[in-house]
Each structure stands twice: as structure tokens, then as C-alpha cells.
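Here is a quick tour of a two-chain model, written for someone who would rather look at contacts than read tables. Have the viewer open and follow along.

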Amino acid sequence: MIRVIPCLDVDRGRVVKGVNFVDIRDAGDPVELAARYDAEGADELVFLDITATHEERDTIIHLVERTAEEVFIPFTIGGGLRTEEDIRAVLAAGADKVSLNSAAVRDPDLVERAALRFGDQCIVVAIDAKRRADGSGWEVYLAGGRTETGIEAVAWAAEAVRRGAGELLVTSMDRDGTQVGFDTDLLAAIAEAAAVPVIASGGAGTLEHFAQAVTVGHADAVLAASVFHDGVYTVGEVKAAMARDGVPVRR
Amino acid sequence: MTPGGSGPIIALLDYEMSNLRSVGKALERLGARVRVAARPAEATGVDALVLPGVGRFGAAMERLQAHGFTGMLREAAADGTPVLGICLGLQLLFDESEESPGVPGLGLIPGAVRRLRTDRKVPHIGWSEVDWRHGTVLAPEDGGPADRTYYFVHSYACEPVDDGDVRGTATHGVGFVAAAGRGPVAGVQFHPEKSSRAGLALLGRWLHGVATREVMPA
């Protein structure tokens, strides 16, 4: 079945851009929001920790512990994880997976060490990619699309898998925030090159876009943030639309 | 963990091969009184044992042994104490695994663990519907497909020698055993503690079976 994954941005333990659920007591509480998404049928959750200062990063550990105790679907922590010790602490607190982005690009060995130590299945490598102007594939970017790396995205995806990534979270920086649909060319190229599940991210705007990520982009899961947080669609509506288009989902 | 309700007392075996937080909290939410046990002495006088597990078969057997749990699990099974294995915990109940050749498993369910032979992506990560066999306490009595759909993360699957030990199957390009059991011993390949409502309901049915005993075997 294809997974539908809401992504929550968390800063110092609080959700940024909180969801306007009816009757919610605290729209900034990640755990309460996570429980609501679970009730709506979310298959998994991603928390992206955007806390800038390292001193305040203990807040994420506390968040992980509370989530593991109260929300009974898998969840991934991404953002700011740089070392094996960072990864160990988050997994030990109860996260199911970690998502590595810049740390993996800067230190590809980290993927290998982490996969060996904690298991491939809990190591997600996140790739932010932008189409190259000359049409020669896609470029890996860091820092939310600000830093160019000179690395080609499909080649990096294949390397990340060779080094032990259990899943790839692929975000199109061209499409992120545009709501014009996922970059299905990018997704299909990476799905072809990598024998692990691909999570599609960046560009969801209409209900049809989600199925397209799967039928055209061959993604194994779809991730979105704002369409859920802004209340444009519920997880249930997305799943119903995917099912109508012949994509198998849990509902 | 703090004592939960007035339900059965469950020893959750801690042999450093998985995070116990979600399993423990799920059981407590369902009324169980959970004791996290790192040694056999901490797992005495309980109604049932839960054997979780994530990681490699060989390393897990080594840790189980180091914590003194292998003998205790075999005795418990012989005494009729219910045991529930989760994920790798299910695989450990078998004789051996392709993942760690030469390492004997607990041998509580005859059979071997083999790598998923499928043209689909491995590890199998995600939600799959389970086709339950009749007569197991683990199966839901009614409900729709979502009530039989659980979250899996695995590269290996169990192959019981006796088809009568199969409790449920699922498909990932190829059919595989999603749940198995023999006498008081049972296990599920998926993670009920990560399977939302359907998973909590399954744990609830198993706890009910533990409390009443009459519906065993699982």
C-alpha cells in the first residue's frame, strides 16, 4: 500500500504553521497534532526539527519520547542530526527512523555507519533536488535550496542506497511550495536508480497530484505539509482520491 | 514504566534490541500492568511475556542469552505461559534464520526464517493487509480491511514447518507468514504498536486471551 505522510515543522518543541483542526486544545503541540493525523488515517509522520541553536535541541528528545508514548504510528525525525550520537539519542527516545540530509552529503560515511549500527530500515536519506538549467539531470541542494553542491541527485540517490539508506525522501526544490504537482520525472529517475522505497515530496496542490507521484513517479509514499496544515485537504480526502485513481491505500 | 490498570501483568523483555516505549505504553493503554524486565528474576509471577525486537537475528539471540532469557522463554512456553513475539521477536521463536546462519533460535515453533524472495523492494516497509486463519485470538472478528492492515518493517519472514502453526499471511509481491503460533506461543511479523487502531485492537485481543486463558492457544 502507498503511504500518506504529513510533515510537521517543529521549532524548539513547538509546531510551526500549526494545523487548524476543530476542537484542538493546543495547535502548537506536535504530539496532539500527531494524534489527530493518526486518527485521520495518516500512515506515518515526519517531524522536521528546524531548531537553530544546538543548546535547545534537547526539546526534540522530549518530543520524541512523548510522541512514542502517545501516538501509535511510525514517525521519523529529521533536521539537525549530524552524528551517530545524535541519531542514537533520537532512536533511543522512541523515533522509528531518522532522516539525514546535509550531514549525509557532507559525510556519506555517516549513512554507512548509521545503517550498520542501527539498521538500514531506520535510515532515511533526504535529498533536496533542483532541475539543472542545461537539462543534465538534477542538482542536490542543501540549506533549504540555498546551497548548491555540484552533486547530481540521481547519482547521489544510488550512492546513498549503496551506503545503506533504507528509504529516500525526495523533495523537488523547483516544486516545493508551488502546488503545481510533484516532479514526477525526478521521482521516476530516482525510483529507477534506487532499490529502496521513495517518498515523494514538494509540490502537492490538488488531490490528483498524489496519485500521479505514484502512477507516473513510481513513488512508494507521498509526503505533504501545507495542504494538510492549511486544511486544504484531509488525509482521508487524499486517500479517497488516490483510491479512485487505482492507488492502493489503507482506509 | 508505571503500573497500568487492573489487567494482566505483562513482562516486557528488555535485552537491548529495541525501544520498548511504544509497546509498553500501548499495552498500558489497554489496561495491562507492564513490567520491563532485564533479567529473568524480574519476569517471574507474570501472566505473559512480550518479546519485542529490532535488528539482526544473531545479535538478538546473543543478547537474549546474555540476559538469561533463552532458558526462561523455553520454560515459560513449556509451562503454558503466553508469549507474544513482535517483529524480530517472532523470528527468534523459530529454529534458525538465513540472516545469521549457524545461530540457533529459541526453537519454540519448528521452522526457519528466510529472506523475502520477491521482485518488490526489500526491506518491506509499509502497511499490508493480513489474511487471518480461523480460530486465532489474534484475528479481528469483524471490521473492514483497515482493521486487518498493519505496519511492517522486515527483510526476512518465517516459514513454519507445520502449516497449522500459521496464523495469518500477507503479500509483498510474494505471500509470506505475517503471524504464527504454537500452543501458548505466538508472534506477529508486523508492529502492532505502530499499527494505529488495528494494532492496538490486536494487542487488546491478545491481552484478553491472556486474561481469560480459555481462548489460548493464540
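## A histidine that reaches for a backbone

Start with H172(B), whose side chain reaches the backbone oxygen of K121(B) at 2.6 Å. Keep in mind that this is a predicted model. H172(B) is found in strand β11 of chain B, which covers residues 166–172. Is H172(B) buried or exposed? With a relative accessible area of 8%, H172(B) counts as buried, because the cut-off for that is under 20%.

Leaving aside residues up to four places away in sequence, H172(B) touches L116(B), T118(B), R120(B), K121(B) and H124(B).

## A cis bond in a loop of chain B

The one from V122(B) to P123(B) is cis, with omega near 10°. Most peptide bonds are trans. As for its place, P123(B) sits in the loop between β6 (111–115) and β7 of chain B.

## Where the chains meet

Between chain B and chain A the count is four salt bridges, and eleven residue pairs are in polar contact across the interface, both partners at pLDDT 80 or more.

Together the two chains bury about 2300 Å², with 56% of it on carbon and sulfur atoms. On the chain B side, R21(B), K121(B) and W127(B) supply 30% of the area buried against chain A, more than any other three residues.

## Two positive phi angles

Most residues other than glycine have a negative phi. Here are two that go the other way. H218(A) isn't a glycine, yet has a positive phi of about 60°. H218(A) lies in the loop between α8 (207–215) and β11 (221–224) of chain A, and at 48% relative accessibility counts as partly exposed.

S196(B), also not a glycine, has a positive phi of about 50°. This serine lies in helix α5 of chain B. At 7% relative accessibility, S196(B) counts as buried.

## Covered strands in chain A

Now over to strand β9 of chain A, residues 167–172, where six of six residues are buried. E167(A), L169(A) and T171(A) lie on one side of β9(A), with L168(A), V170(A) and S172(A) on the other, and both faces are covered. Which strands pair with β9(A)? Strand β6 of chain A (residues 123–131) pairs with β9(A) in the parallel sense over six bridges, and A129(A) stands opposite S172(A). Strand β10 of chain A (residues 198–201) also pairs with β9(A) in the parallel sense, over four bridges, and V198(A) is the bridge partner of L168(A).

Strand β5 of chain A (residues 97–100) is another one to look at. K97(A) and S99(A) point one way, V98(A) and L100(A) the other, and all are buried. β5(A) pairs in the parallel sense with strand β4 of chain A (residues 75–78) over three bridges, and V98(A) is the bridge partner of I77(A).

Notes: Residues are numbered from 1 along each chain as its sequence is written. Chains are lettered from A and ligands numbered from 1 in the order in which they are written. This is a predicted model: local features need pLDDT of at least 70, side-chain atom pairs count only at pLDDT 80 or more; totals for chains, interfaces and linings use all residues. Side-chain values use heavy atoms; hydrogens and water are left out. Buried area is the accessible area (1.4 Å probe) that two parts lose on being put together, summed over both. A salt bridge is a side-chain nitrogen of Lys or Arg within 4 Å of a carboxyl oxygen of Asp or Glu. A polar contact is a pair of N or O atoms within 3.5 Å; within protein, one must be able to donate a hydrogen and the other to accept it, and residues adjacent in sequence count only if both atoms are side-chain atoms. Buried means under 20% relative accessible area, exposed over 50%, partly exposed in between (1.4 Å probe, protein chains only). Two strands pair if DSSP finds at least two bridges between them. Contact means heavy atoms within 4.5 Å.
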